[in-house]
Amino acid sequence: MLEFLVVLILLIVASVALFAVPFLRINIVSSLVLRIFRKLLPQISQTEQEALDAGTVWWEGALFSGKPDWNQLLAYPKPELTPEEKAFLNGPVEQLCAMLDEWHITHERHDLPPHVWQFIRENRFFSLIIPKEYGGLGFSALAHSEVVMKISSRSNTAAVTVMVPNSLGPAELLLHYGTEEQKDHYLPRLANGSEIPCFALTGPDAGSDAGSIPDTGIVCRGVFDGQPDVLGIRINWEKRYITLGPVATLLGLAFRLYDPDGLLGNEKEIGITLALIPTSTLGIQIGRRHYPLNGVFQNGPNSGKDVFIPMDWVIGGQDKVGQGWRMLMNSLSVGRSISLPATSVGAAKLSAWSSGAYGRVRVQFKLPIGYFEGVEEALARIAGNTYMMDAARVMTAGAVDLGEKPSVISAIVKYHLTERSRQIINDAMDIHGGKGICLGPSNYLARTYQQTPVGITVEGANILTRNMIIFGQGAIRAHPFTLREIDAAWDQDKKRGLRAFDEALTGHIVFTFRNAFHSLIYGFSTRLVKDIPQNVTHETVNYYRQLTRFSAAFALLTDIAMLKLGGALKRRERLSARLGDILSMMYLCSATLKRFEDDGRPAADLPLLHWSVQDALYRTQQAFHEFLLNFPVSRITRGLLRFIIFPRGMRCLPPADSLSHEVARLILTPGEVRDRLTAGIYLPEQDNEPLALLKKALACTIDCEPIEARLRQAVKDKAITAHEHEQINQALAQGIITSKEAASLEQMKTLRRRVIMVDDFPADLRQTGNSHGEAPL
């Protein structure tokens, strides 16, 4: 026994010495781990490395930390519009929306009318992001988002047309990477609309894998503009799905640059390069238009055969050759944070506003359809998801305005807001029933429903974004130690790399054990969480505790997954996707809680807050559960991890039916909550507009509900014996209702019928005819 104790004490002393004495730890433990780590590291291509290096780390880093600083999040200023930006939204944007008729645009013209194109140019809609010194509007990211959101609630065609020049395109690239000569020449022309830009990245063989661009440019000398022996590039390419391509005058182009004759130096394969080329340049072919799901925004292919351009057409000039992928990734971090989230929220708010109104106006079985529990379930999803989506949209735009280029967060909001928008529009279509599925000028949902997959597909297909990008980038960029360990492993100075690796590894070990401890004790009781924001209401404090608990568990599980799978984790896409879902849900909850605080904690909004956060926390829990079910470890290890993360079982529940009922009633009823939830969309006032008619019908329906209740009671008491259409006259004759009330009922029935009626067309759809005399087919 004594010998055993002596051996045990010696082992403990040796272990402590190994870790406590820097010389021993570095040269024995860290050196060994570093050799193993280098073998486990996957090979990272140049384009992958540039994607990892792109953008900045913001709140997602806190969520990876295991102990997010909620006071820091809530201390970020609430994003606000300037008076000038508000004036633009209430002026030119409102005017533009009034000019748009999506049925006329998509079904009859297949394009925006000429006067709309002219209005967009003259009012500088293409220059939201261009600084004022170049003639642009110089708006904030929030204003950019608000403009696109409002237009998208009226017309997807116009929204995409305005969105693209202000997202990933020539203006954004020129602002950050262009030469002064390029900026001075092109930015004023882009600002006033005399140049229409597009950017050509995607091709037949390079879609989601855009880094595998097959299009090539060869450095050479040639004749240009009558001048011989000009240093330039001869390019061949084939691109497709290029928005604004068919009408663009200025083409941004991505291609791989080669220098076989060494005209620029010793490098033969220079890499992905970006250039600006007028579409009138000899050799460019603008193809016929694509037709994406009845969307008629200008979109199509283009190609070039032996197109010679001078070297100063490269964005940034000769100094920027080969840097195109890094330029694109940094620019995408910003553009992807704004454009598609804005269009998604525009669709969500339109669906929430119209579904709430229609659910109150449309009656079946003598009851508004919105009062049925099945419809309430869909209405609650619409409202709760819209509340959370808008919160994420605003917070992310605010991060961009703070100077961030949030590459991981941009992927989160792109994926989750487009997916939630798809769920919302599906629910809205289900609620509208036949009203939603019949095309025509009175259908305000169908084109949005049809074109929803476009947003799912572009700027990184959603399947790829969820399964490979969100966690794949986040695990390296946002983790407090992983990137430091990788950088140290590839350091050419072996001694310096070993010291840096030792420092990162030591911190990483402490980090992992701390998160395991916190995950376990917080799992027993979230009341043990101390890192909660100051002065928050009792209604939300437990949400912060739950998120801190999940942050610790997420950080722990990330470390275990990377230790077990190493570089193979990026190939286990479904596991990576579930970890990405956890990170995403925590970010969406963070944005929702911040919105509630920024809005001044309106008590009336609490049902929306509760529904959206509870739903996201439940989804987070399910993602943990599904990851553990499929994690390739022994049953004992899986059981231990489950015990650490869920020591008391999975206790997060989805929103209760009673809460869904409360949320649904909020959007069925005009008032401050419904107005806040749908703020920023375009609501026409003209009597012939379907949404204006719906608004009028909703107000009349609510006014008449007490009168209808009196009529139903009279029928039940057999005081009224007439059939449906004669009941009003009999009730009036018997003094049950007044003549004013009878007139209101008649008006309500007329409005209700007009709202639920759909457009019809000639039996032979090839004939030209009118829908109720309103719109030719």
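# A tour of charged side chains

Select Arg189: at 33% relative accessibility, this residue counts as partly exposed (buried means under 20% relative accessible area, exposed over 50%, and partly exposed in between, with a 1.4 Å probe and protein chains only). The model is predicted, so local features need pLDDT of at least 70 and side-chain atom pairs count only at pLDDT 80 or more, while totals for chains, interfaces and linings use all residues. Residues are numbered from 1 along each chain as its sequence is written, and side-chain values use heavy atoms, with hydrogens and water left out.

The side chains of Glu195 and Arg189 meet in a salt bridge, 3.1 Å from N to O (a salt bridge is a side-chain nitrogen of Lys or Arg within 4 Å of a carboxyl oxygen of Asp or Glu). Glu195 counts as buried, at 10% relative accessibility. The structure holds 29 salt bridges.

Next, select Asp215 and Lys239, whose closest N and O atoms are 2.7 Å apart in a salt bridge. Asp215 lies in the loop between strand 1 (197-200) and strand 2 (216-224) and Lys239 in strand 3 (residues 227-243), so the pair ties together parts 24 residues apart in sequence. Helices (H or I, at least four residues) and strands (E, at least two) are DSSP runs, numbered from the N terminus. Asp215 is buried at 5% relative accessibility, and Lys239 is buried with a relative accessible area of 1%.

Move to Asp427 and Arg381, where the side chains form a salt bridge of 2.7 Å, N to O. Because Asp427 lies in helix 15 (residues 407-432) and Arg381 in helix 14 (residues 373-401), the pair ties together parts 46 residues apart in sequence. Asp427 is buried, with a relative accessible area of 3%; Arg381 is partly exposed, at 24%.

For a network of salt bridges, select Lys78, Glu146, Lys349, Asp390, Arg393, Arg595 and Asp599, which are linked in this way.

The last stop is Asp259, in the loop between strand 4 (250-258) and strand 5 (269-278). Asp259 is buried yet has no salt bridge; the nearest side chain of opposite charge, Lys268, is 6.5 Å away (Lys and Arg count as positive, Asp and Glu as negative; His and the chain ends are not counted). Show the backbone nitrogens here: that of Leu263 lies 2.9 Å from a polar atom of the Asp259 side chain, and that of Leu264 lies 2.7 Å from a polar atom of the Asp259 side chain. Leaving out residues up to four places away in sequence, Asp259 touches Val219, Leu264, Gly265, Glu267, Lys268 and Ile270, where contact means heavy atoms within 4.5 Å.

Technical notes
Polar contact = N/O pair within 3.5 Å; in protein donor to acceptor, adjacent residues only side chain to side chain.
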